Each structure stands twice: as structure tokens, then as C-alpha cells.
Amino acid sequence: MSDYRKGVGITLLGGACWGLSGTSSQYLCSAQGMDTRWITDLRLLGAGVILLLIAFMQDREKLHRIVHTPRALLHCIMFGVCGLMFTQFSYITSITKSNSGTATVLQYLSTIIVLLFVCITTKKMPVKREWLAILSCVAGTFLVTTHGSFTTLYISQEGLLWGIISAVAAALYIILPQDLMKKWGSITTVGIGMLSGGIAFFFLMRVWMVPISFNMQTAWMTVFIVLIGTAVAFTAFLKGTSMIGPARGNMLGCIEPLTATLTTAVFMHTAFSWIDLIGFALILATVFILAKDETKAPS
């Protein structure tokens, strides 16, 4: 198996874990009444601590070097705040100013932003199959999240603004850590980024003022979200993206809403219409289009 196909598989694993995390978070919010701010911050802080512990056990010398390399450490903090934390914060704000379907569609504009960034930096235009993948990604995500209703895009100026900001933040989350991960590794980079983003989110959202209650079920579900839905998801996705490129990695991230919707149907007993099925097919088409080895069709 080529490195490219391995990168595709790892990226898909990360996106699928995100989808599982989304379903779990929905359950905690709807069935257990847990505040989304606590879920977001526990994800960032918990996964950040876990990943840094793993980094310490695997290569404490590398972790020591990056902590004592001001430029690299600042880059990691920027990634955590401007990428990881800002993506979460802007997306939640976009939902409050509009609705979750519209916010999700607007956030996937990050695909276009990342692609334009890559085109500018590499001075290359996308090949035909990448254009096809972009159209498939955007169309599929649109159908799954809005059921094809164009009226949901008529939102307030604040909703539109925060939706665009969310897309920019998601693009930064893909672009910012590329060089860091190549030099310092994905676990160390994402660990520092998550911890710094979680600390910033804690103070920015005044999470300590939000009431919270735990039982055994919510505790185990939170652990699952932190370990699988955050630590594994972010690390796998960014690792895979570093292998196949940020533009394609971002587009393969469309597997997230597919996984979330399917697991919602199975575990939350949610029914879906034929429009959803068309959206699923379009998102899956994106995966197969981009899974073709770039050595056979260079871009």
C-alpha cells in the first residue's frame, strides 16, 4: 500500500472518529442536558493532557526541545488558539446566530479556502478530479445538513459573518500545523495545541460559571469523546493530512457528517429522507475520487 493510500485511510479514520464524537456529544446535550461549553473544553483539555503524556513517554527529549524552542512553541499555541479553539468557538457561535445546518454548510467553505491557499502557494490549478471532489463535497454536505432548503442560507448578517469566520478557522486548523507536524510529530503538536486551546477556551467562555452534573453514563461518554472523538480523531486526521496534503485532507473530512448521521440513525433512531441518501452518496463519491493515488494522477 502506498503512503498516499495510507494517508487517505488515516484521514478517514480521523473524520469517522469525529463523527462518532458528534453523535456522542449530541446524546450528552439532548438526553443528559450537558452544556456544550463543558463538552468542548473537556475535549480540548482532556485530549491535550493525554497526548502530552503519550509524547512524554515516547520521546520526552523532543517534547523538552519544543517547549524550549520559543518559535515552535508559539506556533503550537497559535495553532491551538487560532485553529483548534477558534474552530470550536466560531462554529458554536455560528450555530447560535443561525442554525446548525447552515453553520455546518458555511464551515465547509474551508475546503475552498484551503484549496485556494494550496493553489497560490504551489502555483498550480486543481486537476479535474479535485474540482469534481469539491463539488461533490459541498453538494453532499449541503444536502445532508439542510435537506436542500436554500431558505436556510438567508440568515442574519451576524450568522453569515460567523459562518465565514468558522470556515476560515477550520482552514487555519488544517494549514497551521503542517510544518510543525513534519518536524515535531503529530502527537506533540496536537497535544500542545489542544492544551493551549482548551485553556484559552476556559477563560474566554468562563466555563467555570457554567453548571454541570455528572453520572456514570455521562462520565463514560465524556471519556469516549475525549479519547476517541478528540485525541484519536484530531491526531489521525492531521497525520493523514500531512501525508496527502491539506486540500485533499480537508475534503476527505466530509466523512465526518456521514458518520455522524449514520450513527445518529442507528443509536438515536433518527429517520432520514431520500435527500439524505443522495447526500451520503455524494460524500462517499468524494472519498473514492480522492482515494486514487496521486502518483498516477499528479496534481
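Colleague: Which residue just after α9 takes a positive phi?

Modeller: This is a predicted model. The residue is R206, with a phi of about 50 degrees.

Colleague: How many residues does α9 have, and how far does α9 reach from its first C-alpha to its last?

Modeller: An α-helix has 3.6 residues a turn, so residues three or four places apart point the same way. Here α9 covers residues 186-204, which is 19 residues. Its span is 26 Å, close to the 27 Å expected at 1.5 Å a residue.

Colleague: Which residues of α9 are buried?

Modeller: Among them are T189, V190, I192, G193, M194, G197 and F201.

Colleague: Which residues have the most contacts inside the largest nonpolar core?

Modeller: L84, Y173, M194 and F234 do, in a core of 33 residues. Helices α1, α2, α3, α7, α9 and α10 each supply at least two of its residues. The largest share, 7 residues, comes from α10. Another core, of 8 residues, lies apart from it and includes C76, L180, W184 and I192.

Colleague: What is F234 in contact with, leaving aside neighbours within four places in sequence?

Modeller: The contacts of F234 are W18, R43, L84, Q88, Y173, V190 and M194.

Colleague: Which side chains meet in a salt bridge?

Modeller: Side chains of opposite charge can pair when their charged atoms come close. In this model R37 and D35 do so, at 3.0 Å from N to O, and the count comes to 1 salt bridge.

Colleague: Are R37 and D35 buried or partly exposed?

Modeller: R37 is partly exposed at 27% relative accessible area, and D35 is also partly exposed, at 21%.

Technical notes: Residues are numbered from 1 along each chain as its sequence is written. This is a predicted model: local features need pLDDT of at least 70, side-chain atom pairs count only at pLDDT 80 or more; totals for chains, interfaces and linings use all residues. Side-chain values use heavy atoms; hydrogens and water are left out. A salt bridge is a side-chain nitrogen of Lys or Arg within 4 Å of a carboxyl oxygen of Asp or Glu. Buried means under 20% relative accessible area, exposed over 50%, partly exposed in between (1.4 Å probe, protein chains only). Helices (H or I, at least four residues) and strands (E, at least two) are DSSP runs, numbered from the N terminus. The expected span of a helix is 1.5 Å times one less than its number of residues. A nonpolar core is a set of buried Ala, Val, Leu, Ile, Met, Phe, Trp, Tyr and Cys residues joined through side-chain atoms within 4.5 Å. Contact means heavy atoms within 4.5 Å.
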